[in-house]
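Here is a short note on how two chains meet. Please read it with the structure open.

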Amino acid sequence: MHSPTNILLAGVGGQGTILAGKILSQWAKISGMDVKYSEIHGMSQRGGSVITQVRIGEKVYAPVIDIGTALYILAFEQLEGLRYAHMLSPKGTMIVSTQRLEPSPVLMGVASYPEGVLSRLEAEFHAKVIDAPNLAQKAGNPRTSNVVLVGALAMVMNGSKEEWMRAVSETVPPKYVDVNLRAFHLGWNAISNLKTEMKDGEERVER
Amino acid sequence: MSKELLSGNEAIARGAWESGVKVAAAYPGTPSTEILENISKYQEIDSQWSPNEKVALEVAIGSSVAGARSLAAMKMVGLNVAADPLMTLAYTGVNAGLVIVSADDPGIHSSQNEQDNRFYGRFARIPVLEPSDSQEAKDYVGIALNLSEALDTVVLLRTTTRISHSKSLVEIGERQSRGLKAYKKDPSKYIMVPGYARLRQPEVLARFERIQEWTESASINHIEWGDRTIGIITSGVCYQYVKEACPGASVLKLGVTYPLPLRLVRKFASEVEHVIVVEELEPFLMELVQLSGVKLHPINLPRIGELTPKMVRHAVESAFDDEEQSIDSVPSPDVPSRPPVLCPGCPHRGVFHIFHKLRLTVSGDIGCYTLGALPPLNGMDIFMDMGASIGMAHGIEKANPERVTKTVAVIGDSTFLHSGMTGLLDMIYNKSKGTVVILDNGTTAMTGHQDHPGTGKMLSGEETVTADLEMICRSLGARRVRVVDPLDVNELESALKEELNAPEVSVIIARRPCALIVKSDEPSMECDEELCKGCGICIKLGCPAMHLNDGVVEVDPALCTGCALCAGVCPFGALSHKEEKDA
């Protein structure tokens with residue numbers, strides 16, 4: 001039996017990691033797989049660091065992901081990508097949004113936001129950077145950044161696009177289906193464009 | 001039968017509906033809140049928010065005695081509030097089935113302690129059931145209700161955050177409706193005056209023997225045979241960790257964790273070489289297994305916080321290795337922390353700013369406003385349990401009457417109605433000169449905006465009588481009761497100064513709706529770079545919508561609600577609403 005596919009969604013309370021996790025779980029259900037999904041509510045939701053964990057496979061036991069075993073990390077904010085990067089498996093892929101939200105110690109001036117987070121994630125974790133806030137704006141609603149990122153992840157995970165779209169449609173509120181599907185496509189396409197660029201880049205590295 | 005992806009809490013709600021529950025009551029509390037929110041979607045169940053957990057359980061007791069299957073749900077510390085009826089309910093038993101859901105919070109994600117409520121089962125001599133996923137969470141509600149009726153006992157269904165807030169696939173069924181069970185007047189069973197209570201005790205002990213016998217053959221306790229070198233006894237989410245970490249081991253999976261099926265435990269132990277127990281928090285099962293005479297192989301698991309599959313694997317491997325292995329933990333990178341904060345536009349912020357400014361000793365309470373204790377507001381000195389702020393402030397005054405002009409109790413509207421009213425009554429009755437600030441944002445915000453008696457709406461959304469905070473305080477005997485707008489910091493400050501020096505109890509109601517419920521239509525703020533001196537006074541409000549950039553304040557228009565609290569504290573008039581300046 002294969003071990004489950006572990007997906008970690010990291011972000012800031014209020015960014016919609018929970019909805020994104022629900023779409024992933026719904027997709028797993030549509031694909032006929034076992035799934036477990038774990039989230040934390042309550043105090044941490046008030047602008048704190050939040051993670052949602054999704055595990056998909058033939059049979060899933062634990063609802064949580066161990067350090068170094070996430071096959072995919074979807075980071076909704078740069079610093080949160082860095083915070084949870086140690087959760088990524090050596091074989092794993094990280095997708096990180098360009099979104100930058102300063103935590104309260106930085107706003108108060110008692111800590112500083114690290115420089116060059118995105119390039120660090122690209123260099124050390126081969127992270128794929130997605131301009132989710134901009135693409136969400138293009139989709140027609142800045143609050144759909146989360147679904148842009150789900151689109152990007154779906155492309156990387158190589159599932160059937162139709163099944164993914166069904167998962168989005170069945171999860172988001174009915175009146176927001178269209179805008180979310182647009183966001184999903186923009187995220188999906190952003191990765192395919194990135195993939196073409198990457199091929200060139202990888203060749204250069206090999207030379 | 002179709003499968004649905006449900007959280008443990010949604011599954012418990014579904015289980016209550018399927019097994020014919022007619023009455024359900026709760027007070028919101030993470031991680032239990034969604035149980036009643038989901039039950040309220042089923043028309044056949046009369047569901048309600050109660051002002052506190054004690055009342056919720058009492059409602060469920062009454063409806064059980066009157067013949068309806070009933071459920072009360074609460075977070076683990078909520079059961080402390082409901083412990084008084086619980087301990088005597090354990091004597092009376094039930095009529096129709098009665099289940100209490102206790103949602104524990106290992107890891108203290110959103111609580112004030114990490115208590116292990118399995119001990120309540122042992123304390124009250126009632127059965128404790130622990131599901132290990134959403135399917136079991138649903139099924140165990142029905143099993144608990146049948147058990148409750150068969151053996152005349154309340155049953156505790158104990159979940160943890162990882163069960164309540166994890167989703168997994170559940171086979172759903174249909175509702176088995178049932179009429180009311182006949183009610184028969186029976187004073188010796190339902191009236192626990194000393195004479196009857198003494199007579200009841202032998203019956204409680206005899207019932208415990210029957211529960212013990214039931215658990216021996218309960219199908220939710222079962223052995224999964226594997227390799228017989230190691231046998232692992234476990235329950236709840238730890239069962240999932242064991243299955244993942246030690247796939248080959250023999251496992252005794254306990255669905256009932258109190259009382260233990262002693263014969264089954266001994267049989268399991270006799271057929272494996274080494275027995276270990278894997279559990280989170282207190283060594284609850286471990287002690288009971290040892291009491292049964294089984295010799296345990298020692299294992300080193302933490303008694304604090306949540307376990308993970310990796311921790312279980314490491315502990316089991318180390319238990320059979322002569323050399324202690326270190327767990328290969330990767331340190332998380334050194335990045336600034338991101339603690340939760342009061343939202344932009346939160347009406348509580350200004351109150352804590354003024355507390356800090358006046359250097360008050362603040363006796364705090366439970367809700368979003370507890371975040372006012374964190375930097376930069378640092379506006380709290382003591383914090384304990386629901387409603388405690390008022391009694392503790394009174395105690396501070398008793399210890400040193402001179403402190404009264406520098407001490408304040410602060411409590412939210414929902415918390416005040418939960419258990420703050422008796423504290424205020426105590427203050428007034430005992431001639432305190434103290435000051436109480438009620439932060440009235442018109443909702444139970446921290447748990448996700450549930451209604452309460454002060455909002456004028458019930459769990460169903462139906463309108464009802466609105467509890468009037470001013471009238472309540474006055475009727476308790478408070479003569480100085482005033483309402484202020486917490487965004488007007490100057491008014492707030494002068495009101496506080498006046499009431500702190502008043503020669504009797506004062507209540508200040510700081511009233512403004514939660515910024516997440518009533519969205520502001522004010523334009524966002526902006527900072528005039530010419531006027532801003534970069535003094536940072538506004539930054540000390542801890543608002544996520546503003547920060548200092550090169551000695552000048554910047555406002556993030558996407559986050560700013562235009563509450564103008566910052567303009568109220570700026571000594572240089574540098575902050576104003578956007579349109580106002582353009583006009």
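This is a predicted model: local features need pLDDT of at least 70, side-chain atom pairs count only at pLDDT 80 or more; totals for chains, interfaces and linings use all residues.

1. Extent. The contact draws 51 residues from chain B and 46 residues from chain A. Together the two chains bury about 4,100 Å². Of that area, 63% lies on carbon and sulfur atoms. On the side of chain B, the residues that lose the most area to chain A are Lys167(B), Pro336(B) and Arg338(B). Those three account together for 19% of what that side buries.

2. Three salt bridges are found across the interface. One of the residues named above takes part: Arg338(B) pairs with Glu77(A) in a salt bridge. Their closest N and O atoms are 3.0 Å apart.

3. Elements on the side of chain B. Helices and strands that each give two or more residues to this side include β1 (3-7), α8 (161-164), β8 (166-171) and α14 (309-319) of chain B. Also among them are α11 (236-245) and β20 (546-549) of chain B. The largest share, five residues, comes from α11(B).

4. Composition. By class, the side of chain B that touches chain A holds 26 nonpolar residues, 15 polar and ten charged.

5. Strand pairing between chains. Which strand of chain A joins β8(B)? It is β2 (residues 34-38) of chain A, through three bridges. The two strands run antiparallel. Within this pairing, Lys36(A) stands opposite Ser168(B).

Methods:
Residues are numbered from 1 along each chain as its sequence is written. Chains are lettered from A and ligands numbered from 1 in the order in which they are written. Side-chain values use heavy atoms; hydrogens and water are left out. Contact means heavy atoms within 4.5 Å. Buried area is the accessible area (1.4 Å probe) that two parts lose on being put together, summed over both. A salt bridge is a side-chain nitrogen of Lys or Arg within 4 Å of a carboxyl oxygen of Asp or Glu. Helices (H or I, at least four residues) and strands (E, at least two) are DSSP runs, numbered from the N terminus. Ala, Val, Leu, Ile, Met, Phe, Trp, Tyr, Cys and Pro count as nonpolar, Asp, Glu, Lys and Arg as charged, and the others, Gly among them, as polar. Two strands pair if DSSP finds at least two bridges between them.
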